[in-house]
Amino acid sequence: MPKRNSEQTTGGQAQNWETPLSGLDRIREAAGRDQRLQFTSLMHHLTPELLQQSFYSLRKEAAEGVDEMTWREYELGLEGRLVDLHDRVQSGRYRALPSKRLYIPKDDGRQRPIGISALEDKIVQKAAATVMIQIWEEEFLGFSYAFRPERSQHNALDALWMGIMRRKINWIVDADIRSFFDSLNHDWMMKFVRHRIRDRRFLRLIQKWLRAGVSEEGEWSATTVGTPQGAVISPLLANIFLHYVLDLWVHWWRTHRAHGDVIIVRYADDLVMGFQHRGEAIACLRELRERLAGFELELHPDKTRLIEFGRFAARDREAAGQGKPESFDFLGFTHSCGTTRENGKFTVLRKPMRKRLGKKLKELGKQLLRRRHDRVPAQGQWLRSVVQGVFNYYAVPGSSFVLSAFRKHVCRYWIRALRRRSQKARKLTWARFERLINTWIPEVRVLHPYPNERFRLT
């Protein structure tokens, strides 16, 4: 029988003598000391101070939910608002509002639904997630990278590169869970949360968010499955769900069933696994489908595939008359088999996905046309921030050629927009335009170290 914590401090006592951080540190220490420990008293950690920290951690310019309350409006009279919110949360009078349903275009042309929470829901969700992460950070496995403190997409990319380079990997399973956030089963979700939390009021708080429903064009509809993409609590709930459904199972499979090397890197519902033996890759993929089906999930048939990939892939495929090894995409980068310039040894090449950069260029072109009558320095400042943001993510070793082409296209879009400002502006020459480029458009340079360098440090 799992153990339970004996601390049953009341809310008033807790607020008199402990700060949010000291209380959170104690939760994490207890969770790490005993991974079977169940926490029966957590609500008192949702203090006005923690709610205030949560409020100031939110994006000031984020979209409004159904409450139509902006961050800056809520900040007026913040202290009184948070005292009232805290009282409603602790007394059980707090009610979660439905998420506002919006759609954003996906790379394949379809629409991805996202949910925008009301501002007070964001505050309470952030505070609850801050408490919960202290428990599960001590339990999550090392190959899970999404939405975790001090972990990023580049950490996941580094781990994948290192795994393929340092282990005997010959086959890659590139997997994607179909509509994961929309398919998450509420009953299973609450069962997984109860593994560590037995505070009934805290559990009811989570259930309120799961059952709040969605509002689309003013029409409310109930939610019996799924958690809205865009809700503050959703990333953590997704990680908890996949920890029990996928991570623990995959870790067990590679330690009990596999005879060759197996690597795993997961970022949210995107999963890449590497195998030494093809037979084991096929067996694991088949059993993974069965495992997910038991929790009402499935792998996307078009986005999940097994490919030959690794240091011997080019040689073996050439001998079999099968052409070059296939590539795969992960976290915005296309990974392919290559060789180093120095000694011709195998290496994993990573380049920004052309489809992603092409989509970004189209958006930039439209924005520049809309902004063409703005002052040129204002356009330059905005464009520099956008281009630098792209470089900050994609400027890894080996990406310079693709990013240089991206920069050239940005410049062409900008001069085209400037020449449409007026009849006189049509005479803008490239010689004069070069001064604007040199002033505002960042040069391409590598901003990230090689994966083995950063991975060794972290």
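## Aromatic pairs in a predicted model

Both Y393 and Y394 are buried (under 20% relative accessible area, with a 1.4 Å probe and protein chains only; exposed is over 50%, partly exposed in between). This is a predicted model, where local features need pLDDT of at least 70, side-chain atom pairs count only at pLDDT 80 or more, and totals for chains, interfaces and linings use all residues. Residues are numbered from 1 along each chain as its sequence is written, and side-chain values use heavy atoms, leaving out hydrogens and water.

The protein has 18 helices and eleven strands (DSSP runs, H or I of at least four residues for helices, E of at least two for strands, numbered from the N terminus). Its radius of gyration is 25 Å, close to the 23 Å of the globule rule for 458 residues, so the protein is as compact as a globular protein of that length. The radius is taken over C-alpha atoms, and the rule is 2.2 Å times the number of residues to the power 0.38. Of the 458 residues, 49% count as buried.

Across the whole structure, a search finds 19 aromatic pairs. Rings of Phe, Tyr and Trp (its six-membered ring) pair if their centres lie within 6.5 Å; planes under 30 degrees apart are stacked, over 60 edge-to-face, the rest tilted. Two of the pairs:

| Pair | Centre distance | Plane angle | Type |
|---|---|---|---|
| F55 and Y74 | 5.7 Å | 40° | tilted |
| Y393 and Y394 | 4.9 Å | 90° | edge-to-face |

F55 sits in helix α3 (residues 48-57) and Y74 in helix α4 (residues 71-75), 19 residues apart. F55 is buried at 0% relative accessible area. Y74 is buried too, at 2%.

One aromatic cluster is formed by F180, F181, W188, F192, F241, Y244 and F295.
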